[in-house]
Amino acid sequence: MEIETGILFFGGAALCVLIAVLLLKRKRPSEKSEQAEEELQGDQALYELGMNPISDKPILYSLTTCPHCKNTRSFLDAEHVPYISIFLDEYAGQQRTDLMEKVRTYNPRGSFPTIIMPNGKVIVGYRKQLLQEALAHVAGRTA
Amino acid sequence: MSPEELLEKMAKAAARKGYFLHADRSHCLETAKSLLFNREKYGYMCCPCRLAASDLKQDADIVCPCRYRDADILEHGACLCSFFVSEEHKDDLEFFPVIDDRREG
């Protein structure tokens, strides 16, 4: 009887410890987000450019995860057009907010990609034809 | 969970609503990888086409499948990411409509 009680006691204690460890190991979303924020540190020079987007190259406000941004980059690569990508999801805190506010000044919906062409024209989304027209216009002006 | 497993799960859930995953398998796989990346980074599967606020409460409407999916599919035939599409476009490999994000800032 004493042996059975002992087994039950230690078995119960071991189960409690296991549950406690599992609960501690499991992170809540907010904890993960805080951790992610701490780890983020985007390029400072690109942040400055993003806040004052003047360049002789197209500037892409984009996300590392966005398929339309990726398609736009692939298109520009295929056309051998040099461009600058600013990935907003690589920034955290105030810089992330600042860049998003800047994007909204050009594109109130704040969607991606938002592209600022060298002539100031703004293109939103992966729009191949608009990009081709804008690039031809810029090339014609600089020829 | 692997991207392939996520796609299978998403496809089954979408089918219950009469939707399909995009015909371009590589596009879907990339989207699935991005969703898993966001889950690891933020703790939830934020839409990869939108900037996460890193806060589940603020981003509740853009956790995939997002709250705007139905309206976007009804109007454009696809969701913002062209991840989910309507039956009409289920076999169209080139179907990537440009959709204005209907989410209010």
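This is a short talk on a structure with a chain A and a chain B, and on how its parts pack.

Okay, hi everyone. First, some housekeeping: this is a predicted model, where local features need pLDDT of at least 70, side-chain atom pairs count only at pLDDT 80 or more, and totals for chains, interfaces and linings use all residues. Residues are numbered from 1 along each chain as its sequence is written, and chains are lettered from A and ligands numbered from 1 in the order in which they are written.

Let's start with chain A. Its secondary structure comes to six helices and four strands, where helices (H or I, at least four residues) and strands (E, at least two) are DSSP runs, numbered from the N terminus. Going along the sequence, you read α-α-α-β-α-β-α-β-β-α. Chain A has 143 residues, and 27% of them count as buried. Buried here is 20 or more other C-beta atoms within 10 Å of a residue's own, exposed is 12 or fewer, and partly exposed is in between, with C-beta atoms placed from the backbone.

Now, how do the chains meet? On chain B, 22 residues are in contact with 24 residues of chain A; contact is C-beta atoms, placed from the backbone, within 7 Å. Chain B's side of that divides into ten nonpolar, seven polar and five charged residues. For those classes, Ala, Val, Leu, Ile, Met, Phe, Trp, Tyr, Cys and Pro are nonpolar, Asp, Glu, Lys and Arg are charged, and the others, Gly among them, are polar.

Next, the largest nonpolar core, which has 46 residues; among those with the most contacts inside it are A:Leu63, A:Leu88 and B:Phe84. By nonpolar core I mean a set of buried Ala, Val, Leu, Ile, Met, Phe, Trp, Tyr and Cys residues joined through C-beta atoms within 7 Å. Which helix gives the most to this core? That's H2(B), with four residues. And if you look at A:Leu88, leaving aside neighbours within four places in sequence, its contacts include A:Tyr61, A:Met100 and, over on the other chain, B:Leu51.

Helix H1 (residues 3–16) and helix H2 (residues 25–42) of chain B have axes that come within 9 Å and cross at roughly 100 degrees. Axes are lines fitted to C-alpha atoms, for helices over the stretch in contact, and angles run from 0 to 180 degrees between N-to-C directions. So H1(B) is roughly perpendicular to H2(B), a label for 65 to 115 degrees; under 35 is roughly parallel, over 145 roughly antiparallel, and the rest oblique. On the H1(B) side, the contact is made by B:Pro3, B:Leu6 and B:Leu7. By class, this helix pair's contact has eight nonpolar, no polar and one charged residues.

A cis peptide bond joins A:Phe112 and A:Pro113, with omega about -5 degrees. A:Pro113 sits in the loop between H5 and E3 of chain A. Is A:Pro113 buried or exposed? With 27 other C-beta atoms within 10 Å, A:Pro113 is buried. Chain B has a cis bond too, from B:Cys64 to B:Pro65, with omega near -5 degrees.

Then there's A:His80, not a glycine, yet with a positive phi of about 60 degrees. B:Ser82 isn't a glycine either, and has a positive phi of about 55 degrees, but B:Ser82 is buried, with 27 other C-beta atoms within 10 Å. Thanks, everyone!

How values were computed
Contact = placed C-beta atoms within 7 Å.
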